[in-house]
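Work through the two exercises below with the sequence and the model at hand. Each task is followed by a stepwise solution.

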Amino acid sequence: MRKFIKKIVLFFAFFILINAIIYFLFINDTHNDYNDFNKNGSVYLMADSHGEALKKYPDDFGIVNFSYESDSYFDIERKLNFLIKETNIKKIVISIDNHCFSNYRENINNIDKSIYFESVCSDNASAYENFKNKYIRYYFPVFNSNSPTIIKIDIFKMLSNRKQGSANLKNWNSLTESEKTKQSISRLEVQFESKKNSQKLLDHFAKIISIANKNKVEIIAIKFPISKNYYKNLMKFDSLNVDHLLKDKKIKIIDFQKVYFDNDTFFSDADHLNDIGGLEFSKLLNDSINKSKNSINHDKN
Amino acid sequence: MLFNSIDFAIFLPVVFILYWFFTNHNLKLQNLLIVVASYLFYGWWDWRFLSLILFSTLVDYTIGVLLSKEENVTKRKIFLWTSIIVNLGFLGFFKYYNFFLDNFKTAFTFFGGEISSGSLHIILPVGISFYTFQTLSYTIDVYNKKLEPTNDFIAFTAFVSFFPQLVAGPIERASNLLPQFYIKRKFEYSRAVDGLRQILWGLFKKIVIADNCAELANQIFNNSGEYSGSTLVLGALFFTFQIYGDFSGYSDIAIGTSRLFGFDLMRNFAFPYFSRDIAEFWRRWHISLSTWFRDYLYIPLGGSQGGMWMKIRNTFIIFIVSGFWHGANWTFVIWGLLNAIYFLPLLITNNNRNNLHIVAEGKFLPSFKDFIKISVTFSLTVLAWVFFRAENVTHAFSILAEIFSPSIVESPKFFDLKIFALLIFFLLIEWVGKSYHHPLHILDSVKSRLLKHTLYLLILFVIYFYGKNDVTLDFIYFQF
């Protein structure tokens, strides 16, 4: 038995070491990004990767950018609960692009990271479940199903030694129309692989509305600017009428989809702004929120 | 509780420590710990169904005690049939009630009648088919006086609910497992180490092989109408490896876990896809169920004693019942029937016991003849799995029609190189270790620690990077 225990202890030491290496080399960075936000604001922007290009520019206008890569409505719900408890939040600006309701967002999300904002004693899950997610999956990345993907991406980035954003900034604007179409379609195929909308995400979105209403937090829904090419192709894929969904709930919608149709230099790819676009859009977003009425359309035409 | 979950990763060491360090001095206490741990393990899914296991345990324990005191043949038969009716009654209600009702309604409508009774929304308790057969083996063995009935209720409860094999087998015989609860278990280093190796291999089979194949098999079978014959063949192939990896992976983890606690469970799989004929396949696939049917159904029916027709009849009964055991769907019945048809030529020509030993024993490569035999047997098995996986009989026939159409020569979709590389790695390890209880057992004879640890690390690496760490993918056999 002693020999067995000795070997098991050695294995656990090795296991902890491997976890520590993975955590500090790959995972910790993503967690730090996720926690880096201003807790003193009253207006919070919550989106997925579309909000990332805005960086901290909206801070100058009193809007805290609380977006993160692949945040789903499940993650946003957790973050909203956290903000209600920890800040003086009065208003949330939330992204409602159609792909946010697509089934693929059920799998591609940040539930392993947004657990940071969940209390162990939250009402959403049992204390044991939350403990497991908040501490074991969080600090032992071997148990976190997203960690191999994070490692692969990081290693790929290290090897290719270039930032995706800057590479695409140069690329999107200089692409030919057919190359743009190819990229748009390939992205849309991922986003709308399944024609069905996720009931789970629709439910979480409904919960966000109900939590906000209960806590007197105003919701403003926005559609992020997208490139003209992507928009044209989106029409072939899109199925869900999110506007209808929101109008029923009497939520303000600001549609920015078409605002930069003639300015592809503002995009890093088909549907993401780059740094310049992010700065421009931050100003526009601030103006629009200040002037927002029941429904505003920023259509070019 | 799933074996491939964080819950089990916490549960197992805690029970292990309590078992060997806190209760080892007292056998009764140690058995009681197994009962509590097993009930916790099962209750993790749905604690309400614990009452079923407890009731089944009480009934069979009581009947065992009554049988020990009764010599009157009629009364003994009544006791036996009480146990059979109670156990199969539960199984029949939870598993087959809606199936029989729906088929009865269909038949009634076919003959012009009308019936308005609706189906019930019945949840199938996990593992009911497994523990029902396990407890039945006890009563039947006691009735046949092959086994002394137990007076130790705790040991009997532990035997019925023993957590490693409670929900998906191996279906243990009382004569093998129950006596192990009567004696003080001794910790053996080599047994525990080998148990851990078997757990590692089981996890690899489940997380890497079964779950990766499941993703593609589900995609292809769920949208079968959209794909060519060649893609459907690929789908059937993925399912073939999914079901093997899933079920034998579970058995490996169950057997390995039991060994950590000083128990030896029966072998459930013995490299079935290396079989040279279908009879050998069935001696190597789900051994605990096949031998259960052999001992408690085939032999009582007369086995092979009553001439050729009797043998054929009994063989068909066994295969069809075995198919039906898997689920309340005609697809399983046809799957069983198809296997019986495959078996028939071997039975008639008395060739069903030709290949009793593993292929190419002591050699690295099989002979050309054996290779052809393995390929034919494997192909027949793949074809039969189509019925097993299909939603219904029409679905299965539509898939087969497409497979045997000109679209078989089209280039298949889902030709994923990563999966094929993983399958080759998997088959290679299984082939090299085919003469052993489980493939990694071969490492016992390897002296180089470096080689051993490199292989362990490689398997762990593949599990981490290529495994599907998705606990929503249950073990297939939980539904049976």
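Two strands pair if DSSP finds at least two bridges between them. Strands (E, at least two residues) and helices (H or I, at least four residues) are DSSP runs, numbered from the N terminus. This is a predicted model, in which local features need pLDDT of at least 70, side-chain atom pairs count only at pLDDT 80 or more, and totals for chains, interfaces and linings use all residues. Residues are numbered from 1 along each chain as its sequence is written, and chains are lettered from A and ligands numbered from 1 in the order in which they are written.

**Exercise 1.** Determine which strands pair with β4(A), and in which sense.

Step 1. Strand β3 of chain A (residues 91–95) runs parallel to β4(A), with five bridges between them. Here Ile92(A) stands opposite Ile219(A).

Step 2. β4(A) is also parallel to strand β5 of chain A (residues 252–255), joined by four bridges. Ile222(A) has Ile254(A) as its bridge partner in β5(A).

Step 3. In β4(A), residues 218–223, five of the six residues are buried (20 or more other C-beta atoms within 10 Å of the residue's own, C-beta atoms being placed from the backbone; 12 or fewer is exposed, in between partly exposed).

**Exercise 2.** Describe the contact between the domains of chain B.

Step 1. Domain 1 spans 6–185 and domain 2 spans 190–276 + 355–479, with bounds from an automatic or database domain assignment.

Step 2. The contact (C-beta atoms, placed from the backbone, within 7 Å) takes 16 residues from domain 1 of chain B and 16 residues from domain 2 of chain B.

Step 3. On the domain 1 side, helix α1 of chain B (residues 6–22) gives the most, three residues.

Definitions and conventions: Two residues are in contact if their C-beta atoms, placed from the backbone, lie within 7 Å.
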